Amino acid sequence: MTPVKPAQPSETSWLDHRIHLAITLPFLALLTPITVYLTSRGYPLTSPEILLILAGMLCVSAVIGLLRRAGGRRMYAVCVSGLLTVAADHLHLVEGIIQGRAITLFVIFCVLMALIRRFEKTTTLAVTAFLCVFVISTVLGNGFETESGPAVTAPHMDAITDGPPRLIHLILDEHQGIEGIPLDTDYARKLKDKIKEFYQRYGFNLYGGAYSHYFETVDSIPNLVNFSAESVSRILVTGEPPPYHLPQNRYFQFLKSMGYQIHVIDGDFLDFCSSPDAQPQSCTKYRWATLSNVAKLDDPVLTKTAMVLAVFVASYPRYQGILNLYEQRVRPFLLSRGVAAPVINHDSLWTRRRLQPFSVNTMAAMDTLSASTQQLTPGHMLFAHLLLPHFPYVYREDCSHRAIPESMDNMEEVPPELRTTEDRRVRFDQYLRQVECLYVRLDELFQKMQSSGMFGNSIIIVHGDHGARLGLRHPISKEQDQLTVADYQDGLSTLFAAKIPGRPGGYDPSLHAIDELLVQTLGSAVGTAPSLAVPRQEPFAYLYSGGRREQRLVEMPWHPSN
């Protein structure tokens with residue numbers, strides 16, 4: 001009697017007794033995009049919140065695998081194909097295929113589903129192997145924690161026996177001017193007096209009516225360091241997106257001609273180290289977009305878990321497209337039919353395009369700033385672009401921190417029609433409390449300099465680049481007809497303070513552009529002033545018109561109250 005050969009398992013029944021593979025494939029489809037996102041932004045993969053997210057993904061994958069075990073082959077194929085399609089889109093693997101349009105994603109989804117249904121064994125093994133290699137290479141290439149040590153390292157500075165006075169130049173990004181601080185709360189009024197007292201105590205000349213010609217950092221600082229006031233936006237920088245490079249830096253060239261060796265600390269937003277004729281002796285960078293320092297905040301694990309999931313989901317362009325579709329078409333349609341549709345909360349991490357923890361990463365770099373300052377000797381200049389008190393407004397006045405979901409972003413994330421006076425008041429309250437925390441850190445810095453005996457004979461320049469930018473309208477061309485004086489104040493009023501050895505301090509509340517004040521300060525401090533090229537002498541501002549376009553020059557309508 002001829003023995004009967006056992007029936008070979010068909011493709012459609014191959015996973016019936018391989019539950020581990022049925023779970024592994026959807027798990028990898030979930031794991032791959034979030035692993036790539038987190039490693040690219042420096043979040044440590046061994047954090048408790050990440051392990052909790054992985055456990056949740058494993059549970060979801062187990063449900064999908066058990067569904068396949070229970071005979072739901074079609075639903076399994078739909079789930080896995082959907083996850084793989086979203087992962088490919090999130091990783092921009094289909095970016096070059098008909099520009100990644102929705103119809104393309106639908107075709108990819110259908111092809112994957114057909115392959116899984118018809119060639120289940122081959123497709124499962126091939127895709128699983130590919131995703132395993134992809135995830136492992138991503139982790140090994142970026143490391144489990146890209147910034148396990150200090151945020152940055154203090155640069156080494158050689159002593160110079162005979163040179164010009166040491167110079168410290170700090171740009172405090174988004175610092176509102178003293179006379180531009182809204183005085184509608186007791187806290188704001190007290191803080192204004194505290195800041196004035198702070199600079200008076202340390203012998204600074206403080207200019208309460210200082211302002212910037214520009215609303216954007218990429219225009220304000222490049223023009224400042226080139227002693228110019230160009231009307232075309234971003235004409236002095238190259239590169240997109242950040243870091244923006246400065247092909248020329250006349251300020252550094254000027255200081256080099258005066259005998260200075262230059263050291264830079266910046267947040268990798270503007271690159272001050274690539275100018276061919278003005279390269280500094282040392283350049284230290286802290287990453288403005290990394291999430292590694294957010295991971296170090298002592299928030300509850302569940303809070304961090306929700307934060308990580310929210311910023312990952314919100315980073316997906318297709319998700320943002322759905323939000324835009326709802327806001328621009330679906331919600332207006334429902335309202336026109338008398339249906340009350342909810343408004344998208346633009347302060348939520350679930351709706352922001354990207355979490356930009358400028359302030360958190362800068363705070364982590366403040367110790368390096370302090371160490372670098374202590375090393376500074378005559379003949380050296382330390383230039384630091386600090387993204388504080390820049391949003392998000394994480395820090396309270398005593399430098400304790402809020403959880404990231406509780407901190408507020410800037411008004412630019414809120415559509416003009418949804419901005420309210422109450423929004424401005426609440427944001428300014430959080431913003432000003434972070435300003436006070438900044439002065440706690442600056443006070444520590446200046447006290448250390450006094451203790452080491454280096455404060456009195458140092459030139460110190462501290463200023464902002466524009467205002468807090470929390471106005472109901474921004475000084476941009478398309479909002480010109482609705483602009484108020486307060487909008488110019490909120491957008492353009494900024495800080496300028498300078499301490500020159502042997503010169504008395506004081507307070508000047510009148511209107512002065514920061515480029516004018518920098519040139520004036522350099523003339524007083526080193527005896528020579530560079531030339532300043534501006535289109536007019538009367539106070540003026542530019543209305544921002546978008547990247548690399550001509551900006552509209554207008555008379556500056558805001559004047560300090562006193």
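This note goes through the predicted model point by point, from overall make-up to single residues.

1. Basis. The model is predicted, with local features needing pLDDT of at least 70 and side-chain atom pairs counted only at pLDDT 80 or more, whereas totals for chains, interfaces and linings use all residues. Residues are numbered from 1 along each chain as its sequence is written, and side-chain values use heavy atoms, with hydrogens and water left out.

2. Overall make-up. The protein has 15 helices and twelve strands. These are DSSP runs, numbered from the N terminus: helices are H or I with at least four residues, strands are E with at least two. Along the principal axes, the C-alpha atoms fill a box of roughly 115 × 65 × 40 Å. Of the 562 residues, 54% are buried. Buried means under 20% relative accessible area, exposed over 50%, and partly exposed in between (1.4 Å probe, protein chains only).

3. Helix packing. Helix H2 (residues 48-69) packs with helix H10 (residues 301-314). The angle is about 65 degrees and the axes are 8 Å apart. Axes are lines fitted to C-alpha atoms, for helices over the stretch in contact; angles run from 0 to 180 degrees between N-to-C directions. H2 and H10 are therefore roughly perpendicular to each other (65 to 115 degrees; under 35 is roughly parallel, over 145 roughly antiparallel, the rest oblique). Their crossing is right-handed: the near helix is turned clockwise from the far one by less than a right angle.

4. Surface patch. A nonpolar patch on the surface is formed by Ile-103, Phe-106, Val-107, Val-111, Leu-115 and Phe-119. Together they have about 530 Å² of accessible area, by the Shrake-Rupley method with a 1.4 Å probe, where only the protein chains shown count as cover for residues. Patch residues have over 30% relative accessible area and no salt bridge; nonpolar side chains (Val, Leu, Ile, Met, Phe, Trp, Tyr) are joined within 5 Å, like charges within 9 Å. Leu-115 lies in helix H4 (residues 102-118). Its relative accessibility is 34%, so Leu-115 counts as partly exposed.

5. The structure holds 22 salt bridges, each a side-chain nitrogen of Lys or Arg within 4 Å of a carboxyl oxygen of Asp or Glu. One of them joins Asp-266 and Lys-285, with the closest N and O atoms 3.1 Å apart. Asp-266 is in strand E4 (residues 261-266) and Lys-285 in strand E6 (residues 282-285), so the pair ties together parts 19 residues apart in sequence. Asp-266 is buried at 0% relative accessibility. Lys-285 is partly exposed at 29%.

6. Salt bridge, loop to loop. Arg-419 and Glu-479 meet in a salt bridge at 3.8 Å, N to O. Arg-419 sits in the loop between strand E7 (380-386) and helix H13 (421-451), and Glu-479 in the loop between strand E8 (459-463) and helix H14 (485-492), so the pair ties together parts 60 residues apart in sequence. Arg-419 is buried at 10% relative accessible area. Glu-479 is buried at 5%.

7. Other charged contacts. Glu-538 forms a salt bridge with Arg-536, the closest N and O atoms being 3.6 Å apart. Glu-538 is partly exposed at 45%, and Arg-536 is partly exposed at 26%. A network of salt bridges links Glu-174, Glu-216, Glu-412 and Arg-469.

8. Asp-173. This residue is in the loop between strand E1 (167-172) and helix H6 (186-201). Asp-173 is buried, with a relative accessible area of 1%. From Leu-38, Asp-173 is 135 residues away in sequence and 27 Å in space, C-alpha to C-alpha.
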